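Reader: Please take a close look at the aromatic residues and what surrounds them. Keep it brisk.

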Amino acid sequence: MCDENLFYMGKMRMNKRLRKKIIKEWKKKGVSFIDEDSVFFDEKVEIEEGVVVYPNNHLYGDTVIKKGAIIKPNNIITDSIIGEECTVLSSVIEKSTVGKKVSIGPNAHLRPNSIVEDNCRIGNFVEIKNALVKTKSKVSHLTYVGDAEIGENCNIGCGVIFVNYNGQIKQKSVIGDNCFIGSNCNVIAPVEVGKNSFIAAGTTLTKSVEKESFIIGRARQEKNDKLAQKYIKKD
């Protein structure tokens, strides 16, 4: 059995009497548990008043869940701060800080040194690593943000990849405030995108751009009916 599995099994075996004592104290402070028998945690974990904890959650290390947060089912949160009135669903959060009123998941992964500021959305199958996502920005689905800074009020489309590793070193990209990064873009570090810019879907960005730029970098679509007849099999 791998070391990680042994680690989590050890956490789940906390003395039942101690678990019930800690949960009783949390409930006195206004914390609600849908099924307290299916929540696993370390003694160091802090949960503030008004938090709702759903079944099958794992809270470890120096984790703090702030007032009014809703921890929906199936999360693993380790050494992280979850801000007030956040919602987290079926996600893994490690050594990261989340601001107020942030929505995370399902199936998001915040890896170490990630910071998500207030009123952001981190959605389905989004992975963030060593990155800053500033206030009111959205990274909604199927995107990798590694070694990056995303400004305020940005929209990062579906399937965007921050290409941070060239095989030898990892480098950083910076997106200014109020930018739109269209779906299926590659942001190849190190680049900077000036504020109020629009990067069209399908673009591979290899050079920094000034503020208020419109960038499109994709192959031109062409039509050839004869090739369709060649490659499409017909009954």
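Author: Two rings of Phe, Tyr or Trp count as a pair if their centres lie within 6.5 Å, with the six-membered ring used for Trp. In this predicted model, Trp26, Phe33 and Phe41 form one aromatic cluster.

The largest nonpolar core has 50 residues. Trp26 is among the members that touch the most others, together with Ile47, Ile82, Ile104, Ile122, Ile150 and Phe162. Helix H2 (16-28), strand E2 (39-41) and strand E21 (148-150) each give this core at least two residues. H2 supplies the largest share, three residues.

Now take Ile47, another of those core members. Sequence neighbours within four places are set aside here. Beyond them, isoleucine 47 is in contact with Trp26, Val31, Val53, Leu59 and Ile65.

Next, the pairs. The structure holds four aromatic pairs. One of them joins phenylalanine 198 and phenylalanine 214. Their ring centres are 5.4 Å apart and their planes meet at 15 degrees. Planes under 30 degrees apart count as stacked, so this pair is stacked. Phenylalanine 198 sits in strand E28 (residues 198-199), and phenylalanine 214 in strand E30 (residues 214-215). The pair therefore ties together parts that are 16 residues apart in sequence.

How accessible are these two rings' residues? Phenylalanine 198 has a relative accessible area of 34%, which makes it partly exposed. Phenylalanine 214 is at 53% relative accessibility. Exposed means over 50%, so phenylalanine 214 counts as exposed.

Lysine 170 lies over the face of tyrosine 165, at 5.8 Å from the ring centre.

Last, the cysteines. A disulfide needs a pair of cysteine sulfur atoms within 2.5 Å. By this rule the count is zero. Cysteine 154 is in no disulfide, and the nearest cysteine sulfur, that of cysteine 179, is 4.9 Å away. Cysteine 154 counts as buried, at 3% relative accessibility. Cysteine 158 is in no disulfide either. For cysteine 158, the nearest cysteine sulfur belongs to cysteine 185, 11 Å away. Cysteine 158 counts as partly exposed, at 26% relative accessibility.

Note on methods
Residues are numbered from 1 along each chain as its sequence is written. This is a predicted model: local features need pLDDT of at least 70, side-chain atom pairs count only at pLDDT 80 or more; totals for chains, interfaces and linings use all residues. Side-chain values use heavy atoms; hydrogens and water are left out. A nonpolar core is a set of buried Ala, Val, Leu, Ile, Met, Phe, Trp, Tyr and Cys residues joined through side-chain atoms within 4.5 Å. Buried means under 20% relative accessible area, exposed over 50%, partly exposed in between (1.4 Å probe, protein chains only). Helices (H or I, at least four residues) and strands (E, at least two) are DSSP runs, numbered from the N terminus. Contact means heavy atoms within 4.5 Å. Rings of Phe, Tyr and Trp (its six-membered ring) pair if their centres lie within 6.5 Å; planes under 30 degrees apart count as stacked, over 60 as edge-to-face and the rest as tilted. A charge sits over a ring if NZ of Lys or CZ of Arg is within 6 Å of the ring centre and within 35 degrees of the ring normal.
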